Amino acid sequence: MEDKITSWFNHLYRKSYALYVIANIFAGLFLFGSLVAIIVVTIFSYLEEKKSALSIFGEIFVNTIASIVGVLLAYFLYRFLFLVGHHNEDKNKVSYSNADMWKQYGTEYRHQFTLHDNHNFTVYFEKLLKKGEFTSLKIMDDPNDYFSLDPFIKNHFFDLNDAHVMSETTNSVTVRLKEVIPADANGVATIKTMRSTYLSHLLTNRALDYELKTGVTIRSLFENTNHLVPLQRSRFSNHLGVNALVFLQNGVLLLPERGKHATVAKEKVTASIATRIKMENKNIFKNTYVDELTDNYITEGCIKDSIAGSIKVDAQWLQEKSEQKDFMKIDFLGLSRDIYEGGKPTLFYAVYLNLPAKEYLIERSRHLEKQKKDRKIRKRKNRDGYIYKEPESIDEVKTIHLVKWDSITMCQYFTTEEETKQNKEDNENYYQKELDKGLLSFSRYIVPEKDEDIPDSIDKMKTSTRQKAFEQNLIANFWFYKNCQ
């Protein structure tokens, strides 16, 4: 019943903006028509002395108020549908449910593990490469080979694009993984890459379960078996994502929590770095991007370039810190295909910064204050006649949690003791529900209240425990980290 109600609201929301516009048009026509009719009636009534001026004025007032109320009701209906649509957008366009993955793929791509206690983590992915199974990685990149969308997807461009109506989106050139060759006798593993675009990603991997018509989705058309379609035959963008866990001193992990307009994982915690490999023209973006992909570019041009923005510190400050010996260590953990998003590949890393949590907090606070001042200056210039446009930003981070790594557990919640017992006896059902009905539980780094070096702008945390929803790729990153130490 819940699914039918949700589906009805989602369907209604798709039409809500049109309904909102139509309601306003009708309200406007009603108001205009009422005024015209009242004026005409007023003239005839006055001539025939059937109505007083006071009663005519009352009619005008009542009809005007009725029209305004109609407009407000239409607006509030639109806002209500907007909130419902926002809440359900992620799961409407991609199913991140382990129960759904279990129904289609069984246990083939399922990985179960524990971190620090007996609470089991469950995540679906296809392992392609893992640290320890090869000695070096060779990249064969063809920057002139571009991915082309399937004709069916092209013909449904506007429908699939509507799946992201609640998200801030952009477009850029990305790197598509087209083949992985396991390690040879010399221990050299090879990946072959080409080009795609972020827009193609939004129309394929990230709109996989968006219903074009009842029961018709991209997954049901192109990924309809219990085995993932091989990279060489996949119809999806499959661009290379990069996920990294960033650790400070003493095992403090940085876990960002995304904002409500992210393209995925809205208001959920993700890996410290969760981005894509951007490949733009170096003639346009000098000293930033390159035309050909190399393993060095992934670490230097992608991970190192993303750290400052991901953990909210000044890039110049981080660069100066990086010049210190043993300040930063980047460890490649592996490569997998995300089953939830139809086989989108992700490179997993662990990054270690020789930086105390206190020093990080001070620098982050200083950087955020500087950003706030810069925004005020830019707005002032804009009022004085300068043209200014805020840079496009996707998957914006709302806050960053400083997490004690050894405190991370999966917080399950079953309604009754009987349900808990029943699910533990039924092993398959137990692991289906564990991730779908769970939250990430962790202890946070506590800011000392008496430490005067810590700026007042930093929240003096009253509690050390948090429970948050999370992105599945974060759990995959945990798996690689645990199994590659």
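Modeller: Lys304 is partly exposed at 33% relative accessibility, where partly exposed lies between buried, under 20% relative accessible area, and exposed, over 50% (1.4 Å probe, protein chains only). This is a predicted model, in which local features need pLDDT of at least 70, side-chain atom pairs count only at pLDDT 80 or more, and totals for chains, interfaces and linings use all residues. Residues are numbered from 1 along each chain as its sequence is written, and side-chain values use heavy atoms, with hydrogens and water left out.

Colleague: Which residue forms a salt bridge with Lys304?

Modeller: Glu300 does, with the closest N and O atoms 3.1 Å apart; a salt bridge is a side-chain nitrogen of Lys or Arg within 4 Å of a carboxyl oxygen of Asp or Glu. Both residues lie in helix H9 (residues 295–311), four residues apart, about one turn of the helix. Helices are DSSP runs (H or I, at least four residues), numbered from the N terminus.

Colleague: And is Glu300 buried or partly exposed?

Modeller: Glu300 is partly exposed, at 39%.

Colleague: How many salt bridges are there in the whole structure?

Modeller: The search finds 15. One of them joins Asp209 to Arg219, with the closest N and O atoms 2.7 Å apart. This pair links distant parts of the chain, ten residues apart: Asp209 is in the loop between helix H7 (198–203) and helix H8 (218–222), and Arg219 is in helix H8. Both Asp209 and Arg219 are buried.

Colleague: Which residues are linked in a network?

Modeller: Glu257, Glu267, Lys398 and Lys468 are linked by salt bridges in a network.

Note on methods. Helix = DSSP H or I, 4+ residues; strand = E, 2+ residues; numbered from the N terminus.
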